[in-house]
Amino acid sequence: MRRASRTAALLLPVALLGRSAAAAPSLGDYRYFRALSIDLQGRMPTREEIAALESPGFDLDAWIDARLDQRAYAERIRRIYMDLLRLDVGPSFQFVPKASLLRRHEILGPDGKPMFVYFRLLQRRQRPETDGDFCFTKAETGLQFPKYANGVGTAVPVSQEVLDRNTVLVRPWWLYRDYRSPEPIDRYDPAAWSRLYPNFTPTNELLFEPDGTTPVEAVRVCREEAQTALRGTVFVTGRRPQPLGTPPPYDRILPLPYDTEYARAHPNEPIDCLSGTSVTLAHECGCGPGLERCLPTAGPFLERRGFTVPLAAPIGAERPTVVDPEFTGAWSRFWWGQEAVQFLERVVAEDRDFREVLTAKYTYVNGPLSQFYQWIAPSTCCGGEFGSADYLSGQLFGYVNPVSLFEPDRAPRDLLPHDTATWVKVEDRGPLASGLMTMPIFLTKYGSRRGRAHALYNVFLCSEFVSTETKLPPSNESNLMIRPGCSGCHVSLEPLAAYFSRVVESDWTFLPGARFPLESDKCGAPAGGAAQRGCDNFYDPAFTSQTSASLRGAYGSHEHAEEGPAGLGRHIVSSERFAPCVAEKVTSSFLGRPVTGDDAALLAQVEQAFVGGDYHMKPLVRALVRAAAYKDANNLAPAAWRNGGAQ
């Protein structure tokens, strides 16, 4: 602030040339104008702007209105809520899209030189004798390939006949812009693509052959992964699969009784090739044209990188300050955050009803997000590794085609993964969408149902869960709404968390009532026994009887569980605390300090402008920056700021 005051003072002699001292604005006016410029433009005023301030007939209201039509203002408001919600998912959240992640093994080609072959874990193979999840046997490569490691043994050259029978050459999307054409030729060019498609940067591991110098022109991929069908057929041999760890050959379906029960109930049922279960149940379900339904990683597991990703972008994704090669999942994770940025900024820039932040069906996507919502997101639920709980749960409940909060067919098909700078509005994501609450960045930042409810309660209703109980006595009570020592907070928190009961935690998948009733008779626990394997993922053992179990999180309110996130959005924006909270958060940010009881009149004035302006942000900000309290808050000498705002 002291530096800002000196800058304004230094500009005065230049700006006042030719004018009388009596006609000049006061020092308080300059400070006020400086604050307006910083808050509405994100920078100090220029000499030209100060000269305009000093000119006869300067219309400050018109100047403010013009700034409210600029991007800097929308960015200013967006930052308030991005900061409040802390919508940045860091590297601690490892997004590993199991069913759509292409890994690779190194083998010796027919010429004896090393080569890479891309594959997916869990992929159903047409040859049951192949080595684990890979498409070759040990006899063919000389190597045994464990799931998460390079081969063990002595490599031998693979014959050309074996190579051609089990793999296909593909020009993939991460190397070719025109990968959908019969003969792609528009290959990745670092110089040109950095301008055309900023932040689209495959790592060198994806760009070069094993020798580290030969550019990759096409990739070898297992034949099943190269399939392009949209539908496959669930295939069951009727043979009982062997336990995990049994060397091949074995049947890669599920341990009994899930495979036979499901197959009998759904004989030869077509399966959506976008679902997470398709990779194991149908060998026709591959990665699509140019492998566009899958993400590449340069190793058998996660030890190598896929894309160079901005890790810090304080002044925007187009000008990141830190970029680094990252795991492939970080590529999607970065764009989730950019979706929230685009959404919030456009709500403000277009001066839309601010309540849409929590209720809107629309959003904005670019190429990487369109790819994610079409292909990657639908494949993440219930498609876990062979024998894992989420996979078993999907089979147990017949949930082989999971439902995404963003319906895949609504993503723009004409956007390509390279179109990082092209943003398109999707008017309607589907009936389950509801503003920020159903975007991956929010659902993964706040992975638990309670965490989601608490964040929204705090940021949009300015309320906190504070217990007045001082003792936490021992208790076996599972219902936290009545448990001594816990009820003070959870009596309010649990009903709010119930709105997310049908959204998988740390995920964007919806659990429909037809497959997942609030009370399931499949998951009862007989006296002295346990519920069926696979139940615990979705049904709460703490609320399980001998005959049924309760959907996780739903006990707080069955009504809220059925309403879903959209119900919570309606609840929050209709609350009498919503408008005062928006006024408080924005005012606090513009004043640069927490509001206090002394700000009651200012907050009431700002709230009235917000509600009277049909919940649009511009009337709120206009009223705030024209209020005497805002002007006076910035009319302090540097010494006063150093003393915490005291004169």
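At the start of helix α4, a side-chain oxygen of Asp59 lies within 3.2 Å of the backbone nitrogen of Asp61. This is a polar contact, that is, a pair of N or O atoms within 3.5 Å; within protein, one must be able to donate a hydrogen and the other to accept it, and residues adjacent in sequence count only if both atoms are side-chain atoms. The model is a predicted one, in which local features need pLDDT of at least 70 and side-chain atom pairs count only at pLDDT 80 or more, while totals for chains, interfaces and linings use all residues. Residues are numbered from 1 along each chain as its sequence is written, and side-chain values use heavy atoms, with hydrogens and water left out.

Helix α4 comprises residues 60–67, of which Leu60, Trp63, Ile64 and Arg67 are buried. Buried means under 20% relative accessible area, exposed means over 50%, and partly exposed lies in between (1.4 Å probe, protein chains only). Helices (H or I, at least four residues) and strands (E, at least two) are DSSP runs, numbered from the N terminus.

Two strands pair if DSSP finds at least two bridges between them. With strand β2 (residues 114–119), β1 forms an antiparallel pairing over 6 bridges, in which Phe116 of β2 is the bridge partner of Glu106. The hairpin of β1 and β2 has 5 residues between the strands, and Gly112 takes a positive phi near 85° there. With strand β9 (residues 295–296), the pairing of β1 is parallel and extends over 2 bridges; here Leu101 stands opposite Leu295.

A search of the whole structure finds 5 disulfides, each being a pair of cysteine sulfur atoms within 2.5 Å. When bonded cysteines are counted along the chain, the pattern is 1-2, 3-4, 5-6, 7-10, 8-9.

One of the disulfides links Cys273 and Cys285, whose sulfur atoms are 2.0 Å apart. Cys273 lies in the loop between β8 (270–272) and α11 (278–281) and Cys285 in the loop between α11 and β9, so the pair ties together parts that are 12 residues apart in sequence. Both Cys273 and Cys285 are buried, and their link is left-handed, with -70° about the S-S bond.

Another disulfide joins Cys287 to Cys294, with an S to S distance of 2.1 Å. The torsion about this S-S bond is about -75°, so the disulfide is left-handed. The relative accessible area is 0% for Cys287 and 0% for Cys294.

Cys462 and Cys581 are also joined, with their sulfur atoms 2.1 Å apart. Cys462 lies in the loop between α17 (449–461) and α18 (487–497) and Cys581 in helix α20 (residues 578–591), so the pair ties together parts that are 119 residues apart in sequence. The link is right-handed, with 85° about the S-S bond. Cys462 is partly exposed at 27% relative accessible area, whereas Cys581 is buried at 1%.
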